[in-house]
Amino acid sequence: MSTSQRIAFLGLGVMGAPMAGHLARAGHTVTGYNRTASRAQAWLGKYRGEGLDVAIAATPAEAAAGQDVVVTCVGNDRDLAEVVLGEAGALAAMREGALFIDHTTVSPAMARRIAEAASARAIDALDAPVSGGQAGAENGRLAIMCGGSEPAMERARPVMAAYGARMVHVGEAGAGQATKAVNQICIAGTLAGLAEGVRFAQAAGLDMASVLEAISGGAAQSWQMDNRWATMAAGEFDFGFAIDWMRKDLAIALEEARKIGLDLPVTELVDGFYAEVQAQGGARQDTSALIRHLPEAGA
C-alpha cells in the first residue's frame, strides 16, 4: 500500500475537523463530509487554503465511493448507523478491500453490527474511539483504543498516526468501545475527587497555585489535575469535552455494566451530579464543570 492514500472523513466537528486536517497534512487525499454543510465548507476553505489535496462531498456515500479508507467521527449510535448503514450511507458505496475506521464513541453492540456488515462486503473494520479531547485532536496527540482484527489494526496504524500519539489494539470488534467505557468511568471518578479537592482547598483558604504545586508531584497527580485544577478553581468551563457528550458516554458504560450484571455506584453517582449541572445550564460546558454541583465556599 502506498504511503499516500485516498481517505474519506465523515464528521467534521470539534474532533473530526482537525483530525481530517492532520490526514491532509500527512500527504493523503482527503474528502470530507459533514451533515451541517457550513462546517464542511469551513473545513474545506481552511485546508485548501494551505494548498492541501482536500474536497467535500454531499453525502456519506459520495464521499466514500472509491476510497482506500473511510473514517468516521460523529455523535452517537443513531448518527453512526445513519452515516454508515443508512440509505445514503458509506458502507454500500465502499469498494471491496477498503478499510473502515470509526472514532465515534458508541455502544460495543453498534461496533459489532458495523463490523459484521463490513465483513460481508470484504471490508476491514476497526472500532477506534479516542481520548484526549479537542486539544488532543488539534495537537495530533490522541490516545486511540482499537477493536477489530489484527490485519485491520495494522492497516489502520499509518493512517491514525497522523493524529494519534498512542494506538493500542485491545481485542476484537467492540473491544475498543468497551475500553472507552473504562476510560470514561475512570475520568468520571477522577473529576469527582478533583472537584471536591478544589472546593475543600478554597473553603480552607489555601493558596490554590501552591496547593497544586504541592500535590501534583505525588500520588494525586492526574491529567485532569494538571489541566483542569486552575480552570476549575477559576470557574472557567467554556472549552473541552461537553457534559452532554460525557453523559452520553456514561450511559453507554452503565448500560454495558447492567448487561454483564455489574454495579457501578460511583459512576451512577457522578452521572447524577452531571444531570444537576445540565439542569443549571451547563450541558455544553467542559466536564470539569462537575464542580458546579458543589456549593462555593461561603455560599
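Helices (H or I, at least four residues) and strands (E, at least two) are DSSP runs, numbered from the N terminus. The model is predicted, so that local features need pLDDT of at least 70 and side-chain atom pairs count only at pLDDT 80 or more, while totals for chains, interfaces and linings use all residues. Residues are numbered from 1 along each chain as its sequence is written, and side-chain values use heavy atoms, with hydrogens and water left out.

Asp79 is found in helix H4 (residues 77-85). Asp79 is buried, with a relative accessible area of 8%, where buried means under 20% relative accessible area, exposed over 50% and partly exposed in between (1.4 Å probe, protein chains only). Not counting residues up to four places away in sequence, Asp79 touches Arg35 and Val74; contact means heavy atoms within 4.5 Å.

A nonpolar core is a set of buried Ala, Val, Leu, Ile, Met, Phe, Trp, Tyr and Cys residues joined through side-chain atoms within 4.5 Å. The largest such core has 35 residues, and those with the most contacts inside it are Phe9, Met19, Trp43, Ile101, Ile144, Met160 and Tyr163. At least two residues of this core come from each of strand E1 (6-10), helix H1 (16-25), helix H2 (37-48), strand E4 (69-72), strand E5 (99-102), strand E8 (142-148) and helix H7 (150-160). Leaving aside neighbours within four places in sequence, Phe9 is in contact with residues including Met19, Leu23, Tyr33 and Val71.

A search of the whole structure finds 1 cavity of 30 Å³ or more. On a 1 Å grid over the protein atoms alone, a cavity is a set of points where a 1.4 Å probe fits but cannot get out, and lining residues have an atom within 4 Å of a point. About 70 Å³ of space lies in the largest cavity, a volume being the space filled by probe spheres set on the points, which are joined across faces, edges and corners. Its lining includes Leu80, Phe100, Asp102 and Asp127. E5, helix H5 (108-119) and strand E6 (124-127) each give two or more residues to that lining.

Helix H10 (residues 223-234) has 12 residues, which at 1.5 Å a residue should span 16 Å; its end C-alpha atoms are 18 Å apart, which agrees. The expected span is 1.5 Å times one less than the number of residues. The buried residues of H10 are Gln224, Met225, Arg228, Trp229, Thr231 and Met232, and they pack against helix H8 (175-203) and helix H9 (208-215). Just after H10, Gly235 takes a positive phi of about 70 degrees.

How values were computed: 1 Å grid on protein atoms, 1.4 Å probe; cavity = no way out; pocket = protein on both sides within 12 Å on 5 of 7 lines; lining within 4 Å.
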